[in-house]
Amino acid sequence: MNFEQKRFPIFNTYVDALTMEETIKRVETIIRNQVPVQHVVINASKINLMQKDEKLTQIVNNCPIINADGASIVWAARLLNIPVKERVTGIDLFVRLIHVADQKGYKVFLFGAKEKVVKKVEDNFRQQYKNLQIVGRRNGYFSIQEEQQIAEEIRKAKPDMLFVAFSSPKKEYWIKKYLDFMKVPFVMGVGGSFDVIAGVTSRAPKWMQGLGLEWLYRFMQEPRRMWKRYIIGNFKFVLLTVKTKIRKETIK
C-alpha cells in the first residue's frame, strides 16, 4: 500500500493531507487488503510528547495514515505552507467508521475504558446500528500478564476494525506491540472517545468545534487536571511552530 503521495513532513513527523472521505476510502482499501495497519492522529499534545519520546515518534511515523486531529495541527500546517485540507478528528472518524461497518458488514472490536463505559458504548451502537457486528469488547484495565491473553482474544474474534480507547502514548505502544499478532486489518486508537459516546463526558458545542476551541471546553470541564496539557502544552506547541517557521524561512 503506497499512501505517500499526500504525506508532508511537519515537525519531526508527517501529516496526510486527507479529507474525511479520502480517509474513509483508504480505510476500506486497508480492510480489503487484510494486512494489519495502525492508524494514528496527531494533535498539539501528541506533537509535544514526540519531541522527547523517540519510540512514540517512530511508531507514528511508520503509520500508513496520519490524520490531523487537532485544530492546532491545521493552524500550524497553514503557517508552514502544508496543504492540509481539513481536520479529521479521531472521534468523528471513529463514528463514521462505525457507520461504514454497519453498512458494509465489517466486524468491530471495542477495547478500552471502564467496563461500564465500554458496555454502554456497545449498547448505544447496537441500538443505533441494527446491522453492526460487534464481535467483542474488553475494558482497558489489565495487568502486563494479561496482555497476551487479550491480544489472543482479539485475534480469535477476527474483527476488521479494532478501536483502542487508551491515552497516549500507551495506546500507540500497545497497538504496535500486538499489531502483527492480532492480524486485525485496521487498528485505531480513539483516546477518550468511548467516554463521549457513553455520555460520561460531553463534547464541545459545534460552534466551539468550528472555531477550534474544543481544547478550551475540555479545559473548562476539568481545569485542575487539564491545565498542564492545554495551557502549558499549547504554549509549547505555538512556540515550536514559530521556531519551525523561522527555521524554514532562514533555510530559504
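The stops below follow aromatic side chains in this predicted model.

The structure holds 13 aromatic pairs. Start with one of them: select Phe 111 and Phe 142, whose ring centres are 5.7 Å apart, with 35° between the planes, a tilted arrangement. Colour by secondary structure to see where the two sit. Phe 111 belongs to strand β5 (residues 107-112), while Phe 142 is in the loop between β6 (133-138) and α7 (147-157). The pair links distant parts of the chain, 31 residues apart.

For Phe 142 the relative accessible area is 17%, and it counts as buried because the cut-off is under 20%.

Phe 166 lies in the loop between β7 (161-165) and α8 (170-182), so its pairing with Phe 142 ties together parts that are 24 residues apart in sequence. Phe 166 has a relative accessibility of 5% and is buried.

Stay on Phe 166 and select Lys 170. Lys 170 lies over the face of the Phe 166 ring, 4.9 Å from its centre. For another lysine placed over a ring, go to Lys 55 and Tyr 173: here the distance to the ring centre is 4.2 Å.

For the last stop, select Phe 94, Phe 125, Tyr 129, Phe 163 and Phe 194 together. These residues form one aromatic cluster.

Methods
Residues are numbered from 1 along each chain as its sequence is written. This is a predicted model: local features need pLDDT of at least 70, side-chain atom pairs count only at pLDDT 80 or more; totals for chains, interfaces and linings use all residues. Side-chain values use heavy atoms; hydrogens and water are left out. Rings of Phe, Tyr and Trp (its six-membered ring) pair if their centres lie within 6.5 Å; planes under 30 degrees apart count as stacked, over 60 as edge-to-face and the rest as tilted. Helices (H or I, at least four residues) and strands (E, at least two) are DSSP runs, numbered from the N terminus. Buried means under 20% relative accessible area, exposed over 50%, partly exposed in between (1.4 Å probe, protein chains only). A charge sits over a ring if NZ of Lys or CZ of Arg is within 6 Å of the ring centre and within 35 degrees of the ring normal.
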